[in-house]
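Open the structure in your viewer and show it as a cartoon.

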Amino acid sequence: MPTRAEDVADDDRRWSPMSAFLGLRSRFLDEYLLDSCNGAGEAGVRQVVVLAAGLDSRAFRLPWPHGVTVHEVDQPRVLEFKDEVLDRSGAEPGCTRRVVPVDLRDDWAGALVGSGFDPAAPTCWLAEGLMPYLPGDAAERLLTTVHELSAHGSTIAVEYMPRMGSIFADSSAASLAAGFGIDLAALLSDADYDPNARLAELGWAVDEVTAAQLADRYGRTFDDGEIAELAGNGRYLTARKR
Ligand SMILES: C[S@@+](CC[C@H](N)C(=O)[O-])C[C@H]1O[C@@H](n2cnc3c(N)ncnc32)[C@H](O)[C@@H]1O
């Protein structure tokens, strides 16, 4: 996957909407995390859980308020790789950072509590780049567990795109992934799961915005074309447990 502008051929416009999409979601979710922790007119949340954190570097990058702990949940090998790279570069987190190496199909709630997570305190949850890969039953288990572990005042942000597997497979975006040797459509789920409706049913107050609306909000335009249309369909819900 190209990581620098110069790695992309000048006449290849396919990456432009993808980079806009990644920038928009990063900024929106950065703002969500800091707003939750800084608290609007009340004591902010001090406990953050990043589900399927991958190479998320927000524990290092964001200006966290004092006293925040960020728990990063992902597979052991992914977190080991990330820590090796961060150690080598001498990176220092701007919060208390706890890695929680566990498979989300196993008892991740137990692992989280073992890493110092307190279910009695409000939590700020993040699920970025995760839902589009989960079959419906796995998505349901994940949200139910989050709900059970959430004290009142907890918040969550979820990125989701229902039926992404087949939508992606039928689009020219599939050729981007093929270019770096991955059948991405096969990794994506075709579930029609609606986390917005489910969280509302569980009593959370839910808001939602699409990537296209974020582009308007932040004054960024998507190029025209099918990939731009696809990227603009990304949905971001934020919710608060009442
Ligand atoms: C597309 S990445 C998203 C990473 C990050 N949240 C982001 O948006 O940049 C998906 C992540 O899910 C993690 N993941 C996939 N299956 C998992 C599982 N069964 N248990 C824990 N993590 C898993 C992968 O290791 C990977 O880091």
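The stops below go from a helix to a surface patch, a few loops and a cavity.

This is a predicted model, in which local features need pLDDT of at least 70, side-chain atom pairs count only at pLDDT 80 or more, and totals for chains, interfaces and linings use all residues. Residues are numbered from 1 along each chain as its sequence is written, and side-chain values use heavy atoms, with hydrogens and water left out.

**Helix 1.** Select residues 15–38, the 24 residues of helix 1. Helices (H or I, at least four residues) and strands (E, at least two) are DSSP runs, numbered from the N terminus. The expected span is 1.5 Å times one less than the number of residues. For helix 1 that gives 34 Å, and its end C-alpha atoms are 34 Å apart, which agrees. Next, select Gly39, which follows helix 1 and has a positive phi near 65°.

**Ala52.** Move to the loop between strand 1 (47–51) and helix 2, where Ala52 sits. Most residues other than glycine have a negative phi. Ala52 is not a glycine, yet its phi is positive, about 50°.

**Trp64.** Go on to the loop between helix 2 (58–61) and strand 2 (69–74), which holds Trp64. Is Trp64 buried or exposed? Its relative accessibility is 9%, so Trp64 counts as buried (buried means under 20% relative accessible area, exposed over 50%, partly exposed in between; 1.4 Å probe, protein chains only).

**A surface patch.** Select Leu55, Phe81 and Val85, which make a nonpolar surface patch of about 280 Å². Val85 belongs to helix 3 (residues 76–88) and is partly exposed, with a relative accessible area of 35%.

**The cavity.** How many cavities of 30 Å³ or more are found in the whole structure? The search finds 1. On a 1 Å grid over the protein atoms alone, a cavity is a set of points where a 1.4 Å probe fits but cannot get out, and lining residues have an atom within 4 Å of a point. The largest cavity holds about 90 Å³ of space; a volume is the space filled by probe spheres set on the points, which are joined across faces, edges and corners. Select its lining residues, among them Met131, Tyr160, Arg163, Ser189 and Tyr193.

**Arg163.** Stay on Arg163, in the loop between strand 5 (155–160) and helix 6 (164–169). Arg163 is partly exposed, at 36% relative accessible area, and its phi is positive, near 55°.

How values were computed:
Patches are made of residues with over 30% relative accessible area and no salt bridge: like charges are joined within 9 Å, nonpolar side chains (Val, Leu, Ile, Met, Phe, Trp, Tyr) within 5 Å. Accessible areas come from the Shrake-Rupley method with a 1.4 Å probe; for residues, only the protein chains shown count as cover. A salt bridge is a side-chain nitrogen of Lys or Arg within 4 Å of a carboxyl oxygen of Asp or Glu. On a 1 Å grid over the protein atoms alone, a cavity is a set of points where a 1.4 Å probe fits but cannot get out, and a pocket is an open set with protein on both sides within 12 Å along at least five of seven lines; lining residues have an atom within 4 Å of a point.
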